[in-house]
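Good morning, and thank you for joining this group meeting. Please look at the sequence and the structure together as I speak.

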Amino acid sequence: MRRLREIERDILARIPENDANPSLERVQSVMALLGDPQRAFPVIHLTGTNGKTSTTRLVEALLREHGLTTGRFTSPHLHDIRERIAIGGEPVSAERFVAAYDDVLPFVEIVDARLAAEGRRPMGYFEVIVCVAYAAFADAPIDVAVVEVGLGGRWDATNVTDGQVSVITPIGIDHQRLLGDTIEEIAQEKSGIVKAGAITVSAEQEPEVVEILVARAEEVGAQIAWAGANFEVLTREPAVGGQLLTIRGLAGQYDDLLVPLHGEHQGANAALAVAAVEAFLGGGQQPLAPDVVRAGLAAATSPGRLEIVRRSPTVIVDAAHNPHGARSLRRALSDSFTFTRLVGVLAILEDKDVMGILEELEPAFDEVVVTRSTSPRSLAPQALGRLAREVFGDDRVTVVDALPDALERAAEIAEADAMAGGAGAGVVATGSITTAAEARMLLGVTSA
């Protein structure tokens with residue numbers, strides 16, 4: 001669709017997401033000119049360092065199983081900008097996306113003109129997408145929006161709304177340039193989505209993070225429910241295609257839950273999602289129907305997160321892009337799969353904690369093929385190779401300039417092992433969301 005391509009080009013020409021200008025003023029101005037569409041529906045708002053997208057999708061799946069029409073906002077996208085804005089579990093149609101953008105654009109231009117007159121930068125890529133999402137949700141209409149922050153929380157563009165429920169996944173170190181160098185500074189930013197009179201459900205956190213979240217809740221008069229104290233995974237067993245859970249929620253216990261996602265961290269995300277939906281639908285006081293919970297979790301997906309995209313050899317893609325995410329990946333590979341030999345394909349962005357990621361992944365991979373994605377922020381293969389050799393040793397590292405060739409080389413290594421009598425060799429492509437997305441596409445998976 002020609003108009004959609006034009007819109008994508010125009011949005012991409014704006015200030016990129018990784019160059020955010022901390023302020024809600026610009027989005028608030030557009031929302032006010034539009035009549036505050038973000039107030040037309042209740043919101044479940046999610047932040048954290050890792051697990052946000054998976055938890056958002058789990059929450060949404062549970063709400064849809066309860067018969068609600070949902071809006072879902074996540075970022076970044078894997079293949080298509082419309083993935084960020086979903087209605088009823090499906091990416092918004094091209095027609096609806098174009099209509100929402102055309103509704104929003106005149107008001108964006110008004111704000112851009114005012115900013116230019118004041119010598120300030122125009123609205124950025126992410127800010128415009130948020131405006132389009134809220135306009136599309138209000139127009140649909142929807143019963144509830146499940147909204148993942150882009151960066152931080154306090155000044156994130158999504159935070160022009162007040163979530164009736166806020167969800168905080170594990171907080172760690174990432175995006176230091178924008179959020180701060182310490183976990184306390186990062187937690188302070190993320191605590192900004194905790195709003196007056198709302199219910200917050202939080203994953204288990206470091207003690208210093210707990211202190212900050214408690215202080216924020218007391219400041220605004222919000223309640224907090226904690227994983228481990230108020231809800232938890234009681235039992236977890238890896239199963240074919242995922243895992244089998246028993247979850248104690250805020251108001252009920254839910255048995256025999258098949259979640260088609262791999263890794264202990266996804267079990268924790270599922271418990272967080274159940275607690276969030278209990279908080280939203282009954283203030284955390286009423287149990288959900290167990291059959292509805294089972295069906296909702298069983299229908300959940302999380303593309304690009306420990307996702308098998310090919311067999312023979314098995315190729316998994318994962319969007320781990322910081323040490324915390326790499327640790328979850330490593331543990332999940334050990335917990336949920338029975339590979340006897342694993343080859344990693346690594347392409348990492350240069351502004352990330354590259355050594356931290358490599359050190360977390362070292363025990364998981366017998367060999368690694370280091371390369372780059374098409375992102376201009378991707379670390380050059382030779383530079384990544386030098387760092388990888390410090391961690392893995394010279395004999396375990398191969399450097400390949402382009403991701404397509406790197407995937408082919410990794411598959412050759414895995415297949416050679418199988419021909420030599422090895423059983424269960426596999427390939428894992430990881431290091432960034434861009435890496436996961438491009439590996440999926442190269443292997444023929446283009447929908448999310």
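Predicted model: local features only at pLDDT ≥ 70, side-chain atom pairs only at ≥ 80, totals over all residues.

How many bridges join strand β10 to β11? Five bridges join β10, residues 242-248, to β11, and these two strands run antiparallel. Residues are numbered from 1 along each chain as its sequence is written, and side-chain values use heavy atoms, with hydrogens and water left out.

Some terms are needed here. Helices (H or I, at least four residues) and strands (E, at least two) are DSSP runs, numbered from the N terminus. Two strands pair if DSSP finds at least two bridges between them. Strands of a sheet pair through backbone hydrogen bonds, either parallel or antiparallel.

Let us return to β10. Three strands form an open sheet in the order β9-β10-β11, with antiparallel pairing. Its edge strands are β9 (232-239) and β11 (253-259), each of which pairs on one side only. Helix α9, residues 264-282, lies across β9, β10 and β11 and runs at about 40° to β10; contact here means heavy atoms within 4.5 Å.

A further sheet has six strands, in the order β12-β13-β17-β14-β15-β16; this sheet is open and its pairing is mixed. Because β12 (307-310) and β16 (397-399) each have a single partner strand, one side of each is left without a neighbour in the sheet. Neighbouring strands here are turned by 25° against each other on average, direction ignored. Three bridges join β12 to β13 (residues 314-317) in an antiparallel run, and R310 stands opposite V315 in β13.

Next, strand β7. Which way do its side chains point, and are they buried or exposed? From β7 (residues 199-202), I199 and V201 point one way and T200 and S202 the other way, and all are buried. Buried means under 20% relative accessible area and exposed over 50%, with partly exposed in between (1.4 Å probe, protein chains only). Strand β6 (residues 165-168) pairs with β7 in the parallel sense over four bridges, and T200 is the bridge partner of S166. β7 also pairs in the parallel sense with β8 (residues 223-226), over four bridges.

Now the interior. A nonpolar core is a set of buried Ala, Val, Leu, Ile, Met, Phe, Trp, Tyr and Cys residues joined through side-chain atoms within 4.5 Å. The largest one has 42 residues, and those with the most contacts inside it are I11, F73, I85, F97, M123 and F137. Helix α5 gives the most to this core, with 12 residues. Leaving aside neighbours within four places in sequence, F97 is in contact with residues including L4, I7, I11 and I129. A second, separate core of 36 residues includes I44, V167, A227 and V293.

Finally, consider T56, which lies in helix α3 (residues 52-65). T56 counts as buried because its relative accessibility is 0%. Not counting residues up to four places away in sequence, T56 touches L46, R72, F73, T74, V146 and E148.

Terms used: Axes fitted to C-alpha atoms, helices over the stretch in contact; angles between N-to-C directions.
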